[in-house]
Amino acid sequence: MLLLLTCIGLALLPVQDATEALNQSALTAYRAGDPAAANALWIEALEQEADAQERGRLCYNLGNAAYRRGEVVQAVAWYHSALGFTPRNGELWKNLEFCRAEAELEPADRGDLADSFKRLVSSLTRGEAEWLVAVALAGLALAATGEALRGGALWRRLFLGTGLLVCLSAAPLLWHLVHDSDSTWMITSSDGCTGFSEPSEDSKRLAQFEAGALLQELDRLPDWVKLADPEGRGLWVRSDDAFSLVR
Amino acid sequence: MGRLSVILCVLSMLMPATAAQQGVSVQVGLSRPLVKLGDDLRLQIHVDGTRDARVHAPDHVDGLIFGPLAGPQVSQVQEFQGRRVTTRITMVWTMTIRPTRTGEFEIPPIGLEVDGKDLRAPDEPMSLRVIQDLEGATHCFIEVKDLPTQVYEGEPFDLDIRFGTDLTSGEVDLYLPWWPTHRGVLEIETGNPRGTYRFPVNDRHEADITELDPVQRQGVPFRVFQLARRYLATRSGTLDFDTATFQFSEVLRRSTVFSAGRYKRYHAQASPFQIEVLPIPEEGRPLDWTGAVGELTTQRRVDRRDVDEGGTISLTVSWFGRGNTEFFDAPDLKRLEGFEDFRVLAVEDNHFSDERRVTYDLVPTTSKITEIPPVPLWVFSPESESFERVVTDPVAVRVRAVGDPLGALPLAGDEFDLFDVHTEPATGTDPTPLGAGRLGQATLSIMGLWFVSRTWVRRRRGDPSAPTARRRRAALRRLRPALKAAHSASDQSAALAQFLADRSGEPAGAWLGRDLTTWSSTRSTQLDPDLLKRWIQLGSDMDASAWSDADQPIDGARITNLARAICATGI
């Protein structure tokens, strides 16, 4: 087992080194006032990185780089992508809300009941959500054993209580099950963009999307992506004008 | 006779429907052929001999207003004629007709559908003569004051109807064909106090009426009432207002419990009138005109003039006057020149009769700001028939720079920059996902195992939470304190007996003096001979000590060990 772990570690070491080297180069470029170069290096690092926390950090840094380049809506999109990896990062949320305000978009968290609930259930990553359910299930198993072997009001209440706890703890996981399959795109072109009937500039222009609009992907072609507009129609948008939040 | 009819009706419900039906007949007529203008009459329709009849809407007659059709009222009477039972079914409809002018009228026959056949009744048109109520014109009046002949779309106008009488005691009714809603106009609030009285209008509604000072008409004092409303024209075209009627019912005799009152009705009419609604001209219409029409003025005020950079100033802009204050879009400051250095946090929009009040929460983002710029609004003025720009005065303000660049936490509205990039690699790692499918399987497995084990335990051992089961489980735990408290061999013997009773479910007395060898041989699984021997020996020792004079307790550990061994056997 030890030998196996060593082999895996040795195999991963070059990749980690390369990623860290790219990260350091990007940081140097960023500090030198060249966010475009930093952006390119962080994107390269992102393509090589597998760890979710690290991907979240890279998306966050890419958001900062986009903001420094003056692409505020794209910075918003990068921060939204980072939220998928590090949903409880306070600095990330502050940067996100700051950039949304700069871009004159609605706050991501308006602070009302619906948004607070949404933020609560989405505050765990997929792995954390599953482990939360697993811990609750362990408690349920214990209470179920006690209830089956000993009976009585106390064990029955414990059993029902842990059952309720399992249901509550399943909320973040259900959130991920529903939303992880979404392939959401954000319109990042500062002037918005046009929705075409076909993947061609010559086709009919059916809608105008505002910057910051979130749309679901239906199909993809080189340079074009088909997105569902609020009316449910599938419209083609140039890939350069939109940004996939799934990273 | 009336009582007899009731009895017959009841009997008809109880009897089988074998009675013969008479033929169908239709009667249509007016309650009165001659009426005074302002009074109403009824069109009555009787259909005998069927339950299957419908009345069509009457044809339009200029000068007559037909009310809604009331009915049908269906009555069924059965009569005994010798041995024969005759059933008579009658359907009755009524409709109120109100003339709006004097003259001779002919009401065409009314269309009906009876037993699936269309017919018209009566055969000839019904004649109606409407005459002027000269006496009513002497005692009552109604008039419309200062009505504009034309207004612009969106321009408010006042409708001032005054009516009165020189009679003292009676009831007032108003008949306004266009009340309470009129196509093409919206009623708007004026903020005036409520009226002195609430008078009925069109028999179904009520309106606030204000009593004015009495006036002299031809030397006779008249009480005068006013119905004032403000309307706003919503579309261009002609607004028609039909004849308004004021009816005063003078009380000749008040009604009592035993008799109906007697009234004499007087009527007065106001001529029908029209208002021409003109469209807002396209010529000269500014692109940023947001629909304001009227003669409006504006005012502004702020809650503070000295503010820190990033602080909030509430700018309240009010537009007053005679106009459609409720219906135009307030200026959007984000799109106005001069407001680039302000952030608009919130807008509160309110309307108070003749005033539109909008409060903007502004955040100055730089200390270079010295004033809040004017807020313009384009208004179409019906008087000058042109678009006018109504502008607030600028407000001088001072914005102080916040001189604390090392402030730990950014406050709302303060200058704030991004949190810096994250330079260190993430320390934590995301826990390895377990898989939702596995978790689902685990949940189902737990529930399944719980159900199976619960069922098995209860079938095999009964309810584990029953008192006997709980005592059995607690027997050893309760034995230890009992032995500690025992000061004699007799007490120890009693404690052991109680322990055995708890374990076996038998009474404690059954274990005192029991022949253990015989008892063991009757069990399905016999006890270990060594255990049985120790048990018998322990009993003998306790008995020997108990029956001696000293009654000294024996070693408690022996009893505890034996009890633990007994538990292990499953007793």
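Helices (H or I, at least four residues) and strands (E, at least two) are DSSP runs, numbered from the N terminus. I am working from a predicted model, in which local features need pLDDT of at least 70, side-chain atom pairs count only at pLDDT 80 or more, and totals for chains, interfaces and linings use all residues. Residues are numbered from 1 along each chain as its sequence is written, with chains lettered from A and ligands numbered from 1 in the order in which they are written.

Cis peptides. I noted a cis bond between A121(B) and P122(B), with omega about -5°. I noted another cis bond from G71(B) to P72(B), omega near 10°. P72(B) sits in strand β6 (residues 64-81) of chain B.

Positive phi. Q218(B) is not a glycine, yet its phi is near 55°. I located Q218(B) in the loop between β18 (205-217) and β19 (220-233) of chain B. Is Q218(B) buried or exposed? Q218(B) is exposed, because 7 other C-beta atoms lie within 10 Å. The scale is: buried if 20 or more other C-beta atoms lie within 10 Å of the residue's own, exposed if 12 or fewer, partly exposed in between, with C-beta atoms placed from the backbone. E385(B), also not a glycine, has a positive phi of about 55°. I found E385(B) in the loop between β30 (376-381) and β31 (386-391) of chain B. E385(B) counts as exposed, with 12 other C-beta atoms within 10 Å.

The contact involves V72(A), A75(A), V76(A), Y79(A), A82(A) and L83(A) of α4(A), and L92(A), N95(A), L96(A), C99(A), R100(A) and E102(A) of α5(A). Contact requires C-beta atoms, placed from the backbone, within 7 Å. I sorted the residues of this helix contact into nine nonpolar, one polar and two charged. Ala, Val, Leu, Ile, Met, Phe, Trp, Tyr, Cys and Pro count as nonpolar, Asp, Glu, Lys and Arg as charged, and the others, Gly among them, as polar.

Chain contact. I recorded 27 residues from chain B and 36 residues from chain A. The chain B side comprises 16 nonpolar, eight polar and three charged residues.

Note on methods:
Contact = placed C-beta atoms within 7 Å.
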